Amino acid sequence: MSAALGLYRLQQVDSRIDQIQARLRTIQQTLENDLALRSALERYEAAETRYGNAERLLKLSETEVEKQRIKIEQTEASLYGGRVQNPKELQDLQKDTASLKRHLETLEERELEAMLSVENLEKELQAAKTDLERVQSNLKEQNRDLAQESETLRKEFERLNSEHQAVVTDIAAQALHTYEALRKQKRGIAVTTVADSSCEACGTTITPSQQQSARSTSQLFYCPTCGRILYAS
Ligand SMILES: [Zn+2]
């Protein structure tokens with residue numbers, strides 16, 4: 001049996017553990033930091049603020065129009081009430097009424113603009129709300145799926161940890177030390193195999209005599225190019 005066999009099995013277990021840990025981290029980040037939700041929420045809040053402002057403006061506009069109408073009514077009451085007889089005063093009152101009515105038109109135009117603005121912003125707010133609800137509902141589904149995946153991965157992770165412990169007990173301390181050191185240097189992959197007469201990790205051609213060495217039962221053989229432990233069955 002190849003001296004590298006135990007380490008090769010350990011590598012398979014550890015690589016899967018690495019994969020699971022990376023995936024679990026990604027899932028965690030996705031659950032904690034959802035950009036789609038945040039931006040939909042921001043759009044909704046901004047639309048809400050704009051709508052609120054427009055509504056207040058409309059209220060102000062309505063009040064001004066109402067006040068102006070009362071002023072006109074009062075002026076006309078003086079004009080037609082019969083209490084004012086002086087032609088000069090009557091003429092002034094007529095002028096006032098005309099001027100007040102002209103200003104009323106301006107105020108009514110502003111009121112109409114404010115109404116249109118409220119209508120448009122109400123539509124915009126409704127659209128932002130629909131969008132937010134869609135994102136929230138998608139997210140609920142996505143989160144449920146991710147939570148399930150996470151649960152499955154955690155179980156596999158526990159099983160692999162036990163397997164790791166079991167495999168490690170059969171490996172000599174020195175070989176294990178070499179393996180751990182290489183794992184740190186070689187981005188997690190310390191042990192590789194020969195596939196089509198090449199190192200599976202770096203692609204270097206492995207000669208038949210090197211392959212024979214990789215099958216050695218007494219000592220570890222390293223890929224001449226990448227330096228990883230080479231396992232050949
Ligand atoms: Zn190699």
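What follows is a short exchange of questions and answers about this chain.

Tutor: Please keep in mind that this is a predicted model, in which local features need pLDDT of at least 70, side-chain atom pairs count only at pLDDT 80 or more, and totals for chains, interfaces and linings use all residues. Residues are numbered from 1 along each chain as its sequence is written.

Student: In what order do the elements of the chain run from the N terminus on?

Tutor: The elements are DSSP runs numbered from the N terminus, where helices are H or I over at least four residues and strands are E over at least two. The chain holds five helices and three strands. Read from the N terminus on, the order is α-α-α-α-β-β-α-β.

Student: What radius of gyration does the chain have, against that of a compact globule of 233 residues?

Tutor: The radius is taken over C-alpha atoms, and the globule rule is 2.2 Å times the number of residues to the power 0.38. The C-alpha trace spans about 130 × 35 × 25 Å along its principal axes. A compact globule of 233 residues would come near 17 Å, whereas the chain has 41 Å.

Student: Why does the distance between the end C-alpha atoms of helix α1 agree with its 28 residues?

Tutor: The expected span of a helix is 1.5 Å times one less than its number of residues. Because α1 (residues 5-32) has 28 residues at 1.5 Å a residue, it should span 40 Å, and this agrees with the distance between its end C-alpha atoms, 41 Å.

Student: Which elements do the buried residues of α1 pack against?

Tutor: A residue is buried if 20 or more other C-beta atoms, placed from the backbone, lie within 10 Å of its own, exposed if 12 or fewer, and partly exposed in between. In α1, the buried residues are Gly6, Leu7, Leu10, Gln11 and Asp14. With contact taken as C-beta atoms, placed from the backbone, within 7 Å, these buried residues pack against α3 (87-168), α4 (173-185), β1 (191-195) and β3 (229-231).

Student: Is Lys59 buried or exposed?

Tutor: Lys59 is found in helix α2 (residues 35-80), and its C-alpha atom is separated by 9.5 Å from that of Met115, 56 residues apart along the chain. Because Lys59 has 12 other C-beta atoms within 10 Å, it counts as exposed.

Student: How far apart do the C-alpha centres of domain 1 and domain 2 lie?

Tutor: The bounds come from an automatic or database domain assignment, which divides the chain into domain 1 (5-10 + 172-231) and domain 2 (34-168). The distance between their C-alpha centres is 67 Å.

Conventions: Contact = placed C-beta atoms within 7 Å.
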